Protein chains: 2
Amino acid sequence: MRAVVFNRELSYQPNYPAPNPAEGECLVQVRLAGICATDLHLTRGYMDFSGVLGHEMVGTVLEGPTDWTGKRVVCEINHVCGQCKLCQSGLSNHCKNRTVMGIAGRDGCFADLVTVNQKNLHLVPDSVSDEEAVFVEPLAAAYQVLAQSFIDSRTSVSVVGAGRLGLLVAQVLATKGCNLTVVGRNPNKLLLCEKKGVQAIHVDELVARQDRDVVVECSGSPAGMKVAMELVRPRGTIILKSTCADNEALDLAPIVVNEISVVGSRCGPFGEALNALAREAIEVRSMISKTFPIEDAIKAFDAAADPRNIKTLLSMG
Amino acid sequence: MRAVVFNRELSYQPNYPAPNPAEGECLVQVRLAGICATDLHLTRGYMDFSGVLGHEMVGTVLEGPTDWTGKRVVCEINHVCGQCKLCQSGLSNHCKNRTVMGIAGRDGCFADLVTVNQKNLHLVPDSVSDEEAVFVEPLAAAYQVLAQSFIDSRTSVSVVGAGRLGLLVAQVLATKGCNLTVVGRNPNKLLLCEKKGVQAIHVDELVARQDRDVVVECSGSPAGMKVAMELVRPRGTIILKSTCADNEALDLAPIVVNEISVVGSRCGPFGEALNALAREAIEVRSMISKTFPIEDAIKAFDAAADPRNIKTLLSMG
C-alpha cells in the first residue's frame with residue numbers, strides 16, 4: 001500500500017506492507033487525512049517515533065464486525081488496555097500501556113490502510129462530509145478546553161496562536177459567548193478570525209494587560225507561553241494545548257507571583273466534535289488551504305510547515 | 001539605624017536613615033528576621049530591587065495607634081491600595097498598585113526599624129516565641145498550598161526540595177494525614193524529615209513513578225520542576241511554590257501529554273500560621289541553623305546560601 005513513513009527521515013513509500021488487524025481491531029481504508037503540528041514535531045524527533053505517520057483521518061471500515069463494515073468512520077487515537085488503574089478510573093486516555101496512532105508504538109493513517117481498535121471508531125453522520133470529518137480529532141482536542149475550564153458569557157478568554165488548532169479552539173470558545181480575542185501573527189489567519197466574528201490582534205500590537213480570565217496557548221512556541229503569561233490575570237488559567245519540540249529558557253516566576261494555573265490539555269471528546277459539525281455549529285472547510293494526493297506527501301509536509309497555510313490534507317482517493 | 005541594603009551589591013550599613021511612617025503606617029522595631037531564598041535571588045538581580053532587604057520578621061510596634069504600641073507583631077508583606085478591581089474582588093495580594101516589603105518598592109525588615117501598614121500587622125500570642133514568630137511569613141506561604149488544592153488522608157503528595165520552604169510545607173501537609181514523601185538532596189535535611197515522621201527520599205534514588213496526586217515544587221530550581229513532572233500522575237497537580245532566578249530550558253510537553261495542572265502559589269494566611277504555632281501543630285525551632293547579629297549580615301547571607309544550613313536568622317537585639 002502507499003504510506004508516508006518517518007524513520008529518521010520522512011519518505012513516501014509506494015509499496016509499504018499492508019497491516020493485518022489483530023483481535024478486536026478493524027481494518028480501515030483511509031479516505032482523507034490531516035497534517036497537524038504534532039506530525040511536524042515528530043519529523044523533528046519528538047517522541048522518538050518511527051513508522052507510518054498520521055492521526056487525523058476519515059475512512060471506511062473494510063474488515064471488522066458486520067455492522068461496521070462499509071461504514072464511514074473517524075478514529076480515536078489512544079489505543080488503551082482498559083484494565084490498568086488509569087483506565088479503570090476514567091483516565092483511559094492516560095493508560096500507561098497505550099499506543100497512539102501515528103505518534104507512539106502504532107502505525108498511523110497517512111496510508112491506504114490502517115488498523116484501529118473497534119472501540120475507537122465513531123460513525124460519521126451522512127450530513128458530515130469527508131472534508132469536515134477529517135477535522136474531528138483536532139476539533140475534539142479543541143472541545144477539551146471546555147472540559148477543563150469553566151467558560152461562560154462572563155469569562156474573558158484569549159487564544160494565543162491563530163493556526164490550525166487556535167482557529168478551532170476560537171470557534172469552540174465562541175459558541176460560549178465569552179469575551180474572546182485571538183492573538184496571532186499571520187494577517188490572513190487574523191482576517192479569517194474576523195470573518196468568523198472573533199476579534200483578532202496581531203502579537204506586535206499586544207499590550208501586556210494581565211486581565212484575561214483564561215488564555216489558551218495554541219502557538220506551539222515558548223514565545224507563545226510568554227505572551228500567555230502577559231495576558232492572563234492573577235489567579236487566572238492558561239490552558240496549554242500544544243506540545244513544543246523546541247525547548248527554550250522560560251521564566252516560570254510569573255506563574256508563582258501571579259498564582260496562575262497552567263492546565264495541560266490533550267485529546268478530547270469525539271462525540272462533541274462530530275455533533276458540532278453535524279449541526280453546523282463549527283465551520284471548518286474554510287480552514288483547508290491545500291489538499292495533496294498521498295504521493296505528494298513530502299510537498300504536503302512542506303506546505304503544512306508554511307505558516308501562510310492553515311490546514312493541509314492528504315487524499316488517498 | 002543599622003540596615004542590610006542591596007543596591008547592585010549587598011552591604012551592611014551602620015548609619016542608614018531611619019524611616020518615617022506615612023499616614024496609616026506604624027513604625028516597628030525589628031527583633032528577629034529570617035533570610036529566605038527570595039532574598040538570595042534578589043541579590044542576584046531578581047525583581048530589580050534596591051533598598052533594605054527582608055520580609056520575614058517579628059518586631060515591636062514603636063509608633064502607631066495606642067492599642068498597638070508596645071505589642072509584639074508579625075507583618076504581612078503585600079502593601080495594597082484596597083481600591084483597585086483586584087483588591088475589591090478578594091485578590092488584594094495581587095493588587096497592581098502594591099509594594100512588597102523588601103521585595104518591590106518598599107524597604108524591608110533587615111534593619112532596626114521598618115514602616116508597615118497598620119492593616120498588615122498581626123498580634124503575636126505570648127505563647128509564641130520570637131524564634132517561632134519569625135517563621136510566620138514562610139509558614140503562611142506553606143499553608144497556601146492547602147488553600148489551592150484539596151488534600152486529605154486519601155491524597156498522595158510529594159514535596160520536592162527539603163530546604164527552608166519544603167520542610168515547612170511538608171509539616172503543614174503532614175497535618176492532613178496524607179500519604180507524604182519529601183524528595184531532597186541534603187542528608188541532614190532528609191534526616192530532619194524522618195525525625196518529624198515524614199518519609200524522605202534522596203533525589204538520586206527516585207523512580208519516575210508518575211503516581212502522585214499532588215507534587216509541591218519547593219526546590220527553586222528548574223531541575224526540581226523536572227522531578228515534579230516525573231512524580232505527578234496524569235491529571236495530577238504540581239503546586240509551584242518557589243520563584244527561580246535561573247532560567248533553564250524546560251520541556252513543557254509532559255504537562256500537555258499528561259494533562260497536568262501547574263498551580264502557582266505565593267503568600268498565604270498569617271492567621272493559620274500563627275494559630276498552628278500557638279497550638280504547637282508545627283515545630284520550627286529545629287529548623288534554625290544559625291542566628292547572626294545584624295552587623296554580620298554578609299556572613300549570614302553566605303550561611304543562608306549554604307545548602308547544609310536550613311534557616312538563617314538575623315538578630316537586631
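**Interface between chains A and B**

Across the interface of chain B and chain A, zero salt bridges are found (a side-chain nitrogen of Lys or Arg within 4 Å of a carboxyl oxygen of Asp or Glu). The model is predicted, with local features requiring pLDDT of at least 70 and side-chain atom pairs pLDDT 80 or more, whereas totals for chains, interfaces and linings use all residues. Residues are numbered from 1 along each chain as its sequence is written, chains are lettered from A in the order in which they are written, and side-chain values use heavy atoms, without hydrogens and water.

Polar contacts (N or O atoms within 3.5 Å, one able to donate a hydrogen and the other to accept it; residues adjacent in sequence count only if both atoms are side-chain atoms) link 11 residue pairs between chain B and chain A, both residues at pLDDT 80 or more. The side of chain B that touches chain A comprises 18 nonpolar, 11 polar and 10 charged residues, with Gly counted as polar.

With contact defined as heavy atoms within 4.5 Å, chain B and chain A contribute 39 residues each. About 3,000 Å² is buried between the chains, 60% of it on carbon and sulfur atoms; this is the accessible area (1.4 Å probe) lost on being put together, summed over both parts. B:His94, B:Val256 and B:Glu259 supply 19% of the area that chain B buries against chain A, more than any other three residues.

Of the interface residues of chain B, 100% are also interface residues in chain A, so the copies meet through the same surface.

Methods: Buried area = accessible area lost by both parts, 1.4 Å probe.
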